[in-house]
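The sequence and the model come before them.

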Amino acid sequence: MKDFTYYAPTEVVFGPATETRVAEFVKKWGGTRVLLVYGGGSCVRSGLFDRVKCSLTDGGIPFVTLGGVVPNPRLSLVRQGIELARTEGIDFVVALGGGSVIDSAKAIAAGVEYEGDIWNFFMRTAVPQKALPIGVILTIPAAGSEMSDGCVITRECESGDEKKSFSTNICRPRFAIMNPELTFTLPAYQTSCGIVDIMMHTLERYFTRGDDMYMTDAIADAVLRTMMECGGKVLSAPLDYALRASIMWGSSLAHNDLTGLRGQGDWAVHGLEHELSGLFDVAHGAGLAAVWGAWAEYVADYAPERFARLAVNLFDIPAAFGSREEILTTARAGIDAMRSYFRSIGMPVTLTELIGRRPTEEELCHMADMCTKNGTATLGSLRPLARKDVLAIYNAAIG
Ligand code: NZQ
Ligand code: ZN
């Protein structure tokens, strides 16, 4: 087992109406002048935006707003946010939304404190040393950005948009306000995308090399089972508080590293997916569902016992741990069962289903080039994937 340092500094404030306390937590964490970042308007339509503005006004906290963050958030708006925050003398950023809004807030917070080009962080040619503090009011459980160190942004390019990430502890939010009732308005498709993403954040950490860590595996099993169970029910009961609350907390637990305290993590499926959402502007969770099965079949031979363990624990597939062939048969049954589950919650399980047509060979080659830096880098740790492997997986995922 890999040694670890566990760091999850975000203060979680969970329950109904907690968004009305935002001013209290901004003050607690030292904010005096806020940039309030939000998305395309769901929070305006639901009345949440007004409640948050009231809380800041009543608490005596001046603020300016920046709306218009889109899913797969764009660098151009981040640049605008950096300028706005500098001009307005902002010392605290509040994100009102999901992964796209939170990541935009993180990039703005780091960009304000950096004299160079913010994209350097994503190209890994510079490392953030300082960032404004951030707080979150979460409206969609999915990306886990409310407690994670990650930040994912898309740069608009004529030759095809580029989606890249950076990770740093200094961008972890100081507080995350989570009111499950805020997620009652989520469309079914977004709910399902979130469920897949939460499961994937667990699975990326589950499929690693390394010795056993029973506690971490037990937590991962619980997150996966609970997400599957709640995900299956919530689509027909969108106003069920207990289901929404479990999914919301699952979002944070799956990506605050709690399920990763065993090994290095793989993250190949995320690498494969970020090219999909970068090129086709699809929802991240849907992209993950579309490519996971092809990835799993391609690498199952490298960890057959782990895949078989998942099949038995998650899908109650009868254990057959005799010969290697038996183990692989169990593993493959688990992969098929996972695909069926994704289908049952309305998710695509092939690239053709994901984008509504067959991707072209040129598109697949472009994505393979992007995620392996033109064949000079590999993806993932369980079975490091070279460009030809990536291309084989994309082709197998076409459907
Ligand atoms: O923009 P609005 O109008 O608010 O609509 C949003 C958006 O269209 C809508 N929505 C959010 N809350 C809602 C709601 N609609 C109705 N009621 C509500 N309560 O949902 C849509 C999707 O929002 P988005 O923020 O894009 O979703 P998500 O949280 O899945 O974030 C996806 C982004 O996060 C990145 C992804 O790559 C993607 O760019 N990720 C970030 C990570 C991180 N920072 O740690 C890790 C993840 O693996 C992921 O890569
Ligand atoms: Zn993800």
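**Salt bridges, zinc site and fold**

Asp149, Arg172, Arg205 and Asp257 are linked in a network of salt bridges, a salt bridge being a side-chain nitrogen of Lys or Arg within 4 Å of a carboxyl oxygen of Asp or Glu. This is a predicted model, in which local features need pLDDT of at least 70, side-chain atom pairs count only at pLDDT 80 or more, and totals for chains, interfaces and linings use all residues. Residues are numbered from 1 along each chain as its sequence is written, chains are lettered from A and ligands numbered from 1 in the order in which they are written, and side-chain values use heavy atoms, with hydrogens and water left out.

Q: Which residues are the protein donors of the zinc ion (ligand 2)?
A: Donors are N, O and S atoms within 2.8 Å of the metal (3.2 Å for Na, K and Ca); water is not among the atoms, so sites may look incomplete. The protein donors here lie 2.0 to 2.2 Å from the zinc ion. They are Asp197 (OD), His201 (NE2), His270 (NE2) and His284 (NE2).

Q: What spacing do the donors of the zinc ion (ligand 2) follow along the chain?
A: The donor set is made of Asp197, His201, His270 and His284. Read along the chain, the spacing is D-x3-H-x68-H-x13-H.

Q: How many residues apart in sequence are the parts that His201 and His284 tie together?
A: Helices (H or I, at least four residues) and strands (E, at least two) are DSSP runs, numbered from the N terminus. Both histidines are buried, that is, under 20% relative accessible area, where exposed is over 50% and partly exposed in between (1.4 Å probe, protein chains only). His201 lies in helix H7 (residues 188-206) and His284 in helix H11 (residues 284-299), so the pair ties together parts whose separation in sequence is 83 residues.

Q: Where does His255 lie, and which residues is it in contact with, leaving aside its neighbours within four places in sequence?
A: His255 belongs to helix H9 (residues 241-255) and counts as buried at 14% relative accessibility.

Q: What is the phi of Asp257?
A: Asp257, a member of the salt-bridge network, is found in the loop between H9 and helix H10 (268-280). Asp257 is partly exposed, at 25% relative accessibility. Its phi is positive, in a residue other than glycine, and is near 80°.

Q: Is Asp316 buried or exposed?
A: Asp316 sits in the loop between helix H12 (304-315) and helix H13 (324-344). It is not a glycine, although its phi is positive at about 55°. With a relative accessible area of 56%, Asp316 is exposed.

Q: How many residues apart are Lys28 and Glu11?
A: Side chains of opposite charge can pair when their charged atoms come close. Lys28 and Glu11 form a salt bridge, with the closest N and O atoms 2.8 Å apart. Lys28 is in helix H1 (residues 22-28) and Glu11 in strand E1 (residues 11-14), a separation of 17 residues.

Q: In the salt bridge between Arg51 and Glu19, what is the N to O distance?
A: Arg51 is in helix H3 (residues 48-58) and Glu19 in the loop between E1 and H1, 32 residues apart. Arg51 is partly exposed at 32% relative accessibility, whereas Glu19 is buried at 3%. The distance, N to O, is 3.0 Å.

Q: How many disulfides does the structure hold?
A: A disulfide is a pair of cysteine sulfur atoms within 2.5 Å. For Cys171, the nearest cysteine sulfur is that of Cys151, 6.4 Å away. The sulfur of Cys193 is 17 Å from the closest cysteine sulfur, in Cys230, too far for a bond. The number of disulfides is zero.

Q: What is the radius of gyration of the chain?
A: The chain has 16 helices and eight strands. The radius of gyration is taken over C-alpha atoms, and the globule rule is 2.2 Å times the number of residues to the power 0.38. For 399 residues that rule gives 21 Å, and the chain is close to it, so it is as compact as a globular protein of that length, with a radius of gyration of 21 Å.
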